[in-house]
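This report describes how two protein chains meet and then turns to two places inside one of them. Please look at the sequence and the structure first.

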Amino acid sequence: MFKIVQRKEMAGGTIVLNEIEAPLIAKKAKPGQFVILKANEAGERIPLTMADTNPEKGTLTIIYMVVGKSTALFKSLKVGESYQDVIGPLGKPTHLEKVGTVVCVGGGTGIAVLHPITRGLKEIGNNVISIIGARSKDILILEDEMKAASHKLHVCTDDGSYGHHGFVTEVLKQVLEKEDVKLAVAIGPVPMMKFVSKLTKDFNVPTMVSLNPIMVDGTGMCGGCRVSVGGETKFACVDGPEFDGHKVDFDELMRRLQAYCEDEKKCYNDYCTLQQA
Amino acid sequence: MAEKTETKKTTPRQAMPEQKPEIRRRNFQEVPTGYTLEQAMAEAGRCLQCKKPGCVEGCPVGVDIPGFINLITKGDMTGSIRNLWSKNSLPAVCGRVCPQEIQCEGYCIVGKKGDAVAIGNLERFVADYERMHGTGELPPRDKPTGKKIAVVGSGPSGLTVAGDLVRKGHEVTVLEAFHKPGGVLVYGIPEFRLPKEIVFSEVAFLEKLGAKVECNQVVGRTVSLDELFEEGYDAVYLGVGAGLPKFMNIPGENLIGILSANEYLTRANLMKAYLFPKVDTPIPLGKNVVVLGAGNVAMDSARTAMRLGADSVRIVYRRSRDEMPARKAEIHHADEEGIEFFLLTAPTRFIGDEKGRLTGMECLKMELGEPDASGRRRPIPIKGSEFMMDCDLVIVAVGAGANPLLTQTTPDLTLNKWGYINADPETGKTTKKGVWAGGDIVTGSATVILAMGAGRKAADSIHNYLTWGW
């Protein structure tokens, strides 16, 4: 159960792809949904939105950046080894509707989550314009896949090593000015989603974001993943993970994501030290 | 004979050996350490073997209490555990967590003139004895019926249904959403009240009997209720629990350092975060902790925070001591461990620093007015009584509602206005054919034993259905 059947390292090993055997989840999962994974007995339960699923093969794919102990532990799993627990599909699937022209904006590993949604929006007949960005060329992922899933793709890098030199919001502004955009989808680092939403609000374009708060159970029983949306408290694991970007309190989310930063740093440092020994 | 009875009535109850408060308040080992064989036999000897046992009336699953106790006096522990198993599939759990004082022991005749017979301690003794010294011989199982039942949730209710039906010869599969079985027995009740090794041992026993237990199955997501029937199950039991944390909905509640009791306890108990960093899941280590609420969950949260090294742990409750819903035994243990009680007090808002971390809680003093809908006296704020409480961790333990994950995806399951499942109180039948429900998802948050009682009734009804029809 939950065996890794394929493994790829990207962006100099900082981003990892795992294709995992999970037939029940693969059969049921829809774009936008996530799974909770646990590597071993002492491991944390962490949520990762699925990058892809293959119901015939019975597998799901996750793409994650190594940012701490749990993701580092996941990276250490080889092909043929298994995750101890994978739970899903969790969260509400993306609502896919034919509206006309849509803009899909992805940053960093958010592009992995954006890709199946972009593909879904194109398949039902929308005119899809995508904008993807990363700090530099070597950590930009899924460019070819996003190109295939869109009618037009724009690429940005913060350092100008590839594509437009600058943030995705700069390209987005130009697109919003030129096109009659009916819907925007933004998935990436929280500041990116915050600023994309701010921009689309000025253009009155409805915007969907996918949030990534800290989670424990993923089934709505603990409230650890609570986020403020339009002044109301929602649980990202059952009410989300997608929400109206114009209503999300991104600043509160950014603060809450720091809740365990000291413990996380210590844990990761200890793990890295152990690996080097 | 009368003289012997009189002696029994005035012989004091065997005291349960316990870890001393000053030691146990900083460790996660069990507080009561269990009777010795001598103590068990002495205590069992106090039972009058009443012809009309009130204790049995008081037991939600109808354990043959005089029966199992009599076997202890004869030194027949194997006979005693078998007697227990005929009515109670989780005696090691019940002996530890049941509110015996309002159930069996509350009805005990010996208790009218002296101390009630320590029925709970004896039940625990027999179950632990079997686990440690027993033959491991399994109770009998009826011939296979070829009928399949899916039990959703591996908490006390689901485990009881599984145990009863597997013994009647049915094929039972328990589907659990978490990665470990046991439900609230594992994520809710702390290690120092109910060691998890005991829960897993009880589950392993059920598996030996023939029940299948599958974890990481979220019914309502991984598989829907209707799909279970498509897969060939003949009946489904829903024991998914209450599982929706209630918050105060006051300003500042999303500051870092405010957790629902469900989150706090799940980190501590299921994820074993009290062992961090030996395990990867962290838990906030508050120095000045406040727990909102005064039920058993609040006591569990407060005592856990104390064990995690808090300088002060305060229970803040809007009513008075008499209205506190927690078991007296748990309040007493909390008291001994240095937990303070701020009664007739309610929070109005939380204060935090510029990083969004909790630094304090503003409170109002209350006084009690006329009874409200729950029958308890209504707390009325005292104007102008605001005061600040410094704190860096608040655990919100003010109750749990019905988690809608499964019910949302099953529209033909009728719910009441609170979102709990409508089920016949005598049979557990829901409005959906072939589906039963019991425990907290029907009644709202209650106890382990009541969930088991509901499971018992539902198992009987399911068996009748599979034998005779709906």
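How many residue pairs are in polar contact between chain A and chain B? The count is 19 residue pairs, both residues being at pLDDT 80 or more. A polar contact is a pair of N or O atoms within 3.5 Å; within protein, one must be able to donate a hydrogen and the other to accept it, and residues adjacent in sequence count only if both atoms are side-chain atoms.

## Basis of the report

This is a predicted model, in which local features need pLDDT of at least 70 and side-chain atom pairs count only at pLDDT 80 or more, while totals for chains, interfaces and linings use all residues. Residues are numbered from 1 along each chain as its sequence is written, chains are lettered from A and ligands numbered from 1 in the order in which they are written, and side-chain values use heavy atoms, with hydrogens and water left out.

## Where the chains meet

In chain A, 44 residues are in contact (heavy atoms within 4.5 Å) with 43 residues of chain B. The two chains bury about 3,500 Å² between them, and 54% of this is on carbon and sulfur atoms. Buried area is the accessible area (1.4 Å probe) that two parts lose on being put together, summed over both. Within chain A, the most area is lost to chain B by Met221(A), Arg226(A) and Tyr260(A), together 19% of what that side buries.

There are 3 salt bridges between chain A and chain B. A salt bridge is a side-chain nitrogen of Lys or Arg within 4 Å of a carboxyl oxygen of Asp or Glu. The side chains of Lys69(A) and Asp280(B) form a salt bridge, at 2.8 Å from N to O.

## Around Lys246(B)

Lys246(B) lies in the loop between strand 5 (243-245) and strand 6 (258-260) of chain B. Strands (E, at least two residues) and helices (H or I, at least four) are DSSP runs, numbered from the N terminus. Lys246(B) is partly exposed, with a relative accessible area of 42%. Buried means under 20% relative accessible area, exposed over 50%, and partly exposed in between (1.4 Å probe, protein chains only).

Lys246(B) and Ala400(B) are 154 residues apart in sequence, yet 5.3 Å apart in space, C-alpha to C-alpha.

## One face of a helix

Helix 3 (residues 37-44) of chain B has Gln39(B), Ala40(B), Glu43(B) and Ala44(B) as its buried residues. Seen down the axis of helix 3 of chain B, these buried residues fall within an arc of 130°, so they line one face of the helix. The arc is that of the directions from the helix axis to the C-beta atoms. The buried residues of helix 3 pack against helix 5 (65-73) and helix 10 (119-133) of chain B.
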